[in-house]
Amino acid sequence: MPRVLEELQSVGKSAEIWWDSSPLDFPRWRDGQLATAPDTETRERWQGQLDRFLCPTAPDRSLVRGITTNPSLVAQSVLASPESWREDIQELIRYQLDPDVESTFALVYEEALGRAAREMLPMWRATNGRYGWVSGQLDPRYMLNADLMLEQALRIARISPNLMVKVPGTREGYQVIRQLVARGISINSTLSYTVPQFMACAEAVESGLKQAHNQGIDTSRWRAVFTHMIGRFGANNDLRYEAAIREIELSQTDVRWAEVAILKRIHALIQKNGHPLKPLLSSLEVDDPAKGTDTLSMHLEQSAGGAIAYTCKPQFVGDVLRREGELPAFDERAIEQEIPEDVLEKLLWLPSFHRAYDPIGMSPEEFAHYGAFITTYAEVMANTRKLIDFVAHQFQTITASAQPLLLS
């Protein structure tokens with residue numbers, strides 16, 4: 001397993017490493033990664049590490065404790081194996097009484113979630129529901145419609161006991177989270193970048209838990225995580241634009257501090273108030289020395305020692321493997337370290353940071369209009385459309401000759 005991630009998990013208070021992709025995609029990625037090793041010695045070292053990275057049937061051996069997926073990742077997984085999925089999709093079409101593109105897309109999406117969940121189910125059972133969770137995200141087209149989100153969420157939750165419903169961080173999303181938690185359903189709050197979103201999520205979770213307990217619903221295997229899309233926050237250009245207008249010099253390191261500052265405030269609120277949520281960091285990045293940073297990954301180094309889950313995309317794991325020799329020893333109290341005072345003062349002049357850092361910096365109605373939310377949502381929607389089109393194409397090819405597709 002990557003030494004960096006193993007050491008990060010060992011110094012943290014209940015830190016967890018998750019895999020940000022389908023577990024079914026891991027073997028193909030692992031083999032491709034090993035093929036890029038520069039020499040035999042490196043390949044053998046990577047082989048030993050990756051053989052212990054994701055082992056659902058051997059939880060004591062596996063570094064990875066959970067899985068995150070989203071519509072983009074599901075689309076990428078399906079489109080990476082079109083031949084194997086084409087036959088499955090055509091069978092789903094044939095076995096519907098009145099098939100259409102939308103109903104078939106929903107079945108394909110739920111089938112992909114079900115396959116991932118079944119792969120991780122041995123870990124979930126062996127740990128009595130502590131590990132082995134798979135996050136299944138709701139259709140992004142529903143993010144402002146609480147009724148449609150709840151209806152789909154209840155379907156997803158029934159697929160497998162280790163499926164955790166992944167709900168967008170909108171006002172309507174937090175309404176759905178409250179109702180899911182009241183039913184004892186585990187949740188992951190996603191498309192989240194700000195402290196105000198965390199506060200809304202915590203309120204929804206705690207309200208739902210109170211209702212569940214009042215109704216005698218078993219929550220012994222219930223979990224909730226709050227996804228802080230840390231790298232997505234700085235990737236949005238709003239901070240740089242606002243700094244330029246104000247003639248504030250903003251380095252790449254300053255942007256990393258902005259991302260880390262939000263995480264540290266969320267973590268501190270959890271530790272102080274006992275909110276029943278664990279931060280889950282996604283969109284992790286390895287820093288680029290060419291851009292003026294002097295760390296391997298500030299996301300990892302400044303969060304070390306925290307009660308945090310880290311979901312690692314394949315590219316990130318590969319980057320860490322290649323550069324693991326650059327990492328200094330983790331400080332087990334790094335999560336408690338303050339942001340440099342001069343950096344924080346500079347950042348607080350920027351409206352996008354101030355709104356994200358202040359617990360009451362935004363109202364729930366504003367969450368879906370925040371810059372980082374909009375840019376991520378656009379990407380997720382684009383990948384969702386690709387998967388829908390792949391399904392639509394199967395309708396056109398299910399007969400001997402392609403036919404124009406008429407949608408009513």
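**Salt bridges, a covered helix and a cavity**

Arg256 and Glu259 form a salt bridge, with 3.0 Å between the closest N and O atoms; the term requires a side-chain nitrogen of Lys or Arg within 4 Å of a carboxyl oxygen of Asp or Glu. This is a predicted model, in which local features need pLDDT of at least 70 and side-chain atom pairs count only at pLDDT 80 or more, while totals for chains, interfaces and linings use all residues. Residues are numbered from 1 along each chain as its sequence is written, and side-chain values use heavy atoms, with hydrogens and water left out.

Both Arg256 and Glu259 belong to helix α12 (residues 252-273), where they are three residues apart, about one turn of the helix. Helices (H or I, at least four residues) and strands (E, at least two) are DSSP runs numbered from the N terminus. Arg256 is buried, as is Glu259; buried means under 20% relative accessible area, exposed over 50%, and partly exposed in between, for a 1.4 Å probe and protein chains only.

The whole structure has 25 salt bridges. In one of them, the side chains of Glu285 and Lys313 meet at 3.2 Å, N to O. Glu285 lies in the loop between β7 (278-282) and α13 (298-301), and Lys313 in the loop between β8 (309-312) and α14 (314-323), so the pair ties together parts that are 28 residues apart in sequence. Glu285 is partly exposed at 27% relative accessibility, and Lys313 is partly exposed at 27%. Within it, Glu111 pairs with Arg118, the closest N and O atoms being 3.5 Å apart.

Helix α4 (residues 71-80) is mostly covered, with seven of its ten residues buried. Among the buried ones are Leu73, Val74 and Val78. The elements covering them include β2 (64-68), α5 (82-94), α6 (101-126), β3 (133-137) and α17 (371-397), where contact means heavy atoms within 4.5 Å.

A cavity is a set of points on a 1 Å grid over the protein atoms alone where a 1.4 Å probe fits but cannot get out, and lining residues have an atom within 4 Å of a point. The lining consists of Phe233, Asn236, Asp238, Leu239, Ser352, Tyr370, Gly371 and Ala372.

Note on methods:
1 Å grid on protein atoms, 1.4 Å probe; cavity = no way out; pocket = protein on both sides within 12 Å on 5 of 7 lines; lining within 4 Å.
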